[in-house]
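Subject: Model handover

Hello,

Here is the model we talked about passing on. Please open it alongside this note; my findings follow below.

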Amino acid sequence: MGESVQAEVMMSFLVSEELSFRIPVELRYETGDPYAVRLTFHLPGDAPVTWTFGRELLVDGVGRPCGDGDVRIEPTDPDLLDDALIRLQVGGDQALFRVGIPPLLAFLDRTDKLVPLGQERALADFDTHLDEALDRILAEEQNAG
């Protein structure tokens with residue numbers, strides 16, 4: 001699996017303008033998947049839910065609005081850089097979380113010390129993984145046909 005960086009932060013789950021509650025969220029980065037970060041949300045009464053998305057999205061999102069898919073991150077005030085909003089969406093359902101930027105920056109700093117941003121390709125053996133995936137797909141097609 002390789003080396004990893006892990007941190008736990010408290011986030012506010014914003015249910016509505018009037019209702020929010022704080023939940024622990026585990027941040028995880030692994031050298032085995034050097035482009036991604038994982039956020040595992042521990043919601044009361046539910047099984048933990050993990051979202052995986054690009055580390056670069058998290059890096060960019062603490063400074064400016066980023067993301068155009070199911071994960072969007074933006075600072076609440078780009079001048080202060082104190083809190084960020086993380087919006088997760090599946091179909092028509094979405095969840096909104098507020099988190100302090102300093103703990104995110106501390107986590108990202110630790111990931112950068114492990115694998116500097118822009119150096120991920122040195123760890124990711126994409127050619128081997130691509131060849132293995134193509135071989136598996138071709139074998140499945142031959143067995144099906």
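Which residue of strand 2 stands opposite serine 12? It is arginine 22.

Some ground rules before the rest. This is a predicted model, so local features need pLDDT of at least 70 and side-chain atom pairs count only at pLDDT 80 or more, while totals for chains, interfaces and linings use all residues. Residues are numbered from 1 along each chain as its sequence is written, and side-chain values use heavy atoms, with hydrogens and water left out.

**Overall layout**

The protein chain has three helices and seven strands. Both kinds of element are DSSP runs numbered from the N terminus: helices are H or I with at least four residues, strands are E with at least two. The order from the N terminus is β-β-β-β-α-β-β-β-α-α. The chain has 145 residues, and 34% of them count as buried. Here buried means under 20% relative accessible area, exposed over 50%, and partly exposed in between, with a 1.4 Å probe and protein chains only. Among contacts with a separation of 6 or more, 35% link residues 24 or more positions apart. A contact means heavy atoms within 4.5 Å.

The seven strands form an open sheet, ordered 4-3-2-1-7-6-5, with antiparallel pairing. Strand 4 (49–54) and strand 5 (71–75) are the edges; each has a single partner strand, so one side of each lacks a neighbour in the sheet. Neighbouring strands are turned by 30° against each other on average, direction ignored. Two strands count as paired if DSSP finds at least two bridges between them.

The pairings I looked at:

- Strand 1 and strand 2 are antiparallel over eleven bridges, and a hairpin of five residues joins them.
- Strand 1 and strand 7 are antiparallel over two bridges.
- Strand 6 (residues 83–90) and strand 7 (residues 93–100) are antiparallel, joined by eight bridges. Aspartate 83 stands opposite glycine 100 there.
- Strand 5 and strand 6 are antiparallel over five bridges. Arginine 72 has arginine 87 as its bridge partner in strand 6.

Strand 5 shows two faces. Val71, Ile73 and Pro75 make up the covered one; Arg72 and Glu74 make up the uncovered one. In a regular strand, side chains alternate between the two faces of the sheet.

In the loop between strand 5 and strand 6, look at leucine 81. Its phi is positive, about 50°, although it is not a glycine. Leucine 81 counts as partly exposed because its relative accessibility is 37%.

**Helix 2 and what follows**

Helix 2 (residues 101–114) lies across strand 1 (4–14), strand 2 (20–30), strand 3 (36–41), strand 5, strand 6 and strand 7. It runs at about 160° to strand 1. Axes are lines fitted to C-alpha atoms, for helices over the stretch in contact, and angles run from 0 to 180 degrees between N-to-C directions.

Phenylalanine 107 sits in helix 2. It is buried, with a relative accessible area of 1%. Not counting residues up to four places away in sequence, it touches Val5, Gln6, Ala7, Leu27, Arg28, Tyr29 and Val37. Phenylalanine 107 and valine 9 are 98 residues apart along the chain, with 9.6 Å between their C-alpha atoms.

Valine 115 is in the loop between helix 2 and helix 3 (126–144). Valine 115 is buried too, at 2% relative accessible area. Valine 115 and threonine 31 are 84 residues apart in sequence, and 7.3 Å apart in space, C-alpha to C-alpha.

**The largest pocket**

Its lining consists of Phe41, Leu43, Val49, Trp51, Leu88, Gln89, Val90, Asp93, Gln94, Ala95 and Phe97. A pocket is an open set of points on a 1 Å grid over the protein atoms alone, where a 1.4 Å probe fits, with protein on both sides within 12 Å along at least five of seven lines; lining residues have an atom within 4 Å of a point. Strand 4, strand 6 and strand 7 each give two or more residues to the lining. Strand 7 gives the most, with four.

Best wishes
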